[in-house]
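Subject: Structure handover

Hello,

Here is the structure I promised to pass on. Please open it alongside this email.

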Amino acid sequence: MNALLTIFHLTLHEAARRRILAATLLGAAAFLLLFGIGFHFVSIHAAREAGPSVLRQRIMLNFLTLAGLYATHFLTLMTAVLLPVDTLSGEIATGVVQTVASKPVHRSSIVLGKWLAFSMVAVAYFAVVAGGVLLIARILGHFTPPGLALGLPLMALEAVVYVSLSIAGGARLATVTNGILVFGLYGIAFIGGWVEQVGAFSGNVPAQNVGTVASLLMPTEALWQRAAYCMQPAVMRDLHMTPFSPASLPSVLMVWWAVLYALLALYSGIQGFRKRAL
Amino acid sequence: MSTNVIETRSLRRRFGEKLAVADLSITVGRGEVFGFLGPNGAGKTTSLKMLLGLIAPTSGAGTLLGRPIGDRAARAKVGFLPEHFRFQDWLTGRELLRFHGRLFGLSGRALEDKADALLTRVDLQDAAERQIKGYSKGMTQRIGLAQALLNEPEVVFLDEPTSGLDPLGRLLVRDLIRELRSLGTSVFLNSHLLGEVEATCDRVVFVKQGRVVHEMNLGAEPAGLEVELRVDGAPREVLAAHGTLLASANGSARLRVAQEAALPALAEALVRAGAKLYAMTPHKRSLEATFLEVMGEDQRPG
């Protein structure tokens, strides 16, 4: 436990010292600034266009807030993949890990310490960006989407899945190979999710099945779709008024699969690193 | 308590088609400074990593401090400086020692005091608060040595510890090794610098293609002397009776004798046999000469 906490502390220290945290926060600030400016103009326009129709105005603001959260989802996945992508493979390649792994520590403590630290950083990053988006919507549009308590944890879980996968890959693969593989899985999840939605919308069962298989291979897009479903009013999602209104709602089982998926990825990372010649 | 800190039996490691270590059987005694020599690609670093649990052997077995190699408890009493001594270079020297000390289970005042003492010992007290990325190669190696000694180890593994150091740095490493020996710490030294090995090691083994091919006790017996003779009329049988005749021609001969003490008897025998002895020049056989002979002519630079 002592070794795990030492590695955890070192990983956080590294993120701060190497300006990784500063760079991600700067990126987040730039995104929020742009989103705020855009939201300001759109909310003025929405108020003018919608006229007395509060419902229409709320739909426009909800759509824009969801677009902000979609961008948050994308930025978070990039951050969650890139933060730990070379933490194991890089240290193995340079030999930095040799003096650490030859100490009286379990190799699993090294993986778990890094996983814990990077998961925390990725979720904190998500909380800052999503919090910023929601704060902007609240202040400028006097609007808060419904179902945040259900939707936001699903998006945070997405970040943890990506961190777990990126660390698992780094235990076995070179940094570039690992990055390509994880983004490849994201691509599968993304296109699979859309195929499933189009299939559900048009009643095409084989297309829906393709999407389900893609979600089993990589459940993150399903998490986003379920989160987006939770964070919009019933009228929007039932009438499929925006691209964020899923025609086929990913089940709760898929959420549990994502949890298991993250744990399996972490376990695979620990096993891979335990057996790896250093 | 066993007198050996390291014992291996037929350790073998294969990477795919490549056999890195074929059959490693060695022992290292408590308090011994042990040299592990061989050309590049002989499997020295792989062997060392197997002993430290960084690489699992394909077959064979061994013990480190009486426990199976790779055992975590044994690693608590081991120090290690790797060949390419890369560390978290965004840390300062002191932070690096704190980090590695915590991995050894040290904390608080004991850790701070130990780090301070080692920073002074390796002459880095002035650079302790600077990031390691600003260190020279020699300074990085010295901070690496310090992290290897944080736990007051019973065995220290040094993989090419002097390769990047200037003469003063080498002297510091040599002193450290002597100091460790005086404390009863065993040192496992991988080095290409045969002069360094000769100056510090009690015993060496030569490794070729992952096997020990020769062993020499540097502490107890000399490596052998070669003697150049300028002599007329020396009977071959007299020369051969005192050593191995390597070459002879009119007026000269080259002989290998076991030790320096054999020389007066040789001179006396030659004079008694009627030979005219003009000069007798002994040359101590260097470790390098032995190395080249043991490795054979088929060996090419790695």
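Below is what was found, taken chain by chain.

One point before the details: this is a predicted model.

**Chain B overall**

Chain B holds ten helices and 15 strands. Its C-alpha atoms fill a box of roughly 80 × 45 × 40 Å along the principal axes. Of the 302 residues in chain B, 41% are buried. Take the contacts in chain B with a separation of 6 or more: 67% of them join residues 24 or more positions apart.

Domain 1 of chain B covers 4-217, and domain 2 covers 225-285. The centres of these two domains, taken over C-alpha atoms, are 43 Å apart.

**A helix pair in chain B**

Look next at helix 3 (residues 93-103) and helix 5 (residues 137-148) of chain B. Their axes come within 9 Å and cross at roughly 25°. Angles under 35 degrees count as roughly parallel, so helix 3 of chain B is roughly parallel to helix 5 of chain B. The crossing is right-handed.

Which residues meet here? Helix 3 of chain B brings B:Gly93, B:Leu96, B:Leu97 and B:His100. Helix 5 of chain B brings B:Ile143, B:Ala146 and B:Gln147. By class, this contact has four nonpolar residues, three polar ones and no charged ones.

**Where the chains touch**

In the contact between the chains, 21 residues of chain A face 22 residues of chain B. On the chain A side, helix 1 (2-17) and helix 5 (96-101) each supply at least two residues. Helix 1 of chain A gives the largest share, six residues. The chain A side that touches chain B divides into nine nonpolar, eight polar and four charged residues.

**A helix pair in chain A**

Chain A has a helix pair to look at as well. The axes of helix 7 (residues 148-172) and helix 10 (residues 220-230) of chain A come within 8 Å and cross at roughly 165°. Angles over 145 degrees count as roughly antiparallel, so helix 7 of chain A is roughly antiparallel to helix 10 of chain A. This crossing is left-handed.

Helix 7 of chain A contributes A:Leu150, A:Gly151, A:Leu154, A:Met155, A:Leu157, A:Glu158, A:Val161 and A:Tyr162. Helix 10 of chain A contributes A:Thr220, A:Leu223, A:Trp224, A:Arg226, A:Ala227 and A:Cys230. The contact of helix 7 with helix 10 in chain A has ten nonpolar, two polar and two charged residues.

A:Val259 sits in helix 12 (residues 252-275) of chain A. A:Val259 has 14 other C-beta atoms within 10 Å, so A:Val259 is partly exposed. A:Glu158, listed above for helix 7 of chain A, is 101 residues from A:Val259 in sequence. In space, the two are 9.2 Å apart, C-alpha to C-alpha.

A:Ala46 belongs to helix 2 (residues 20-50) of chain A. Is A:Ala46 buried or exposed? A:Ala46 counts as buried, because 20 C-beta neighbours lie inside 10 Å. Leaving aside residues up to four places away in sequence, A:Ala46 touches A:Gln57, A:Met60 and A:Leu61. A:Arg56 is ten residues from A:Ala46 along the chain, and their C-alpha atoms are separated by 8.3 Å.

Best wishes

Methods
Residues numbered from 1 in each chain as written. Chains lettered and ligands numbered in written order. Predicted model: local features only at pLDDT ≥ 70, side-chain atom pairs only at ≥ 80, totals over all residues. Axes fitted to C-alpha atoms, helices over the stretch in contact; angles between N-to-C directions. Helix = DSSP H or I, 4+ residues; strand = E, 2+ residues; numbered from the N terminus. Parallel < 35°, antiparallel > 145°, perpendicular 65-115°, else oblique. Left-handed = near helix turned anticlockwise from the far one by under 90°. Contact = placed C-beta atoms within 7 Å. Nonpolar A, V, L, I, M, F, W, Y, C, P; charged D, E, K, R; others polar. Domains from an automatic or database assignment. Buried ≥ 20, exposed ≤ 12 C-beta atoms within 10 Å, placed from the backbone.
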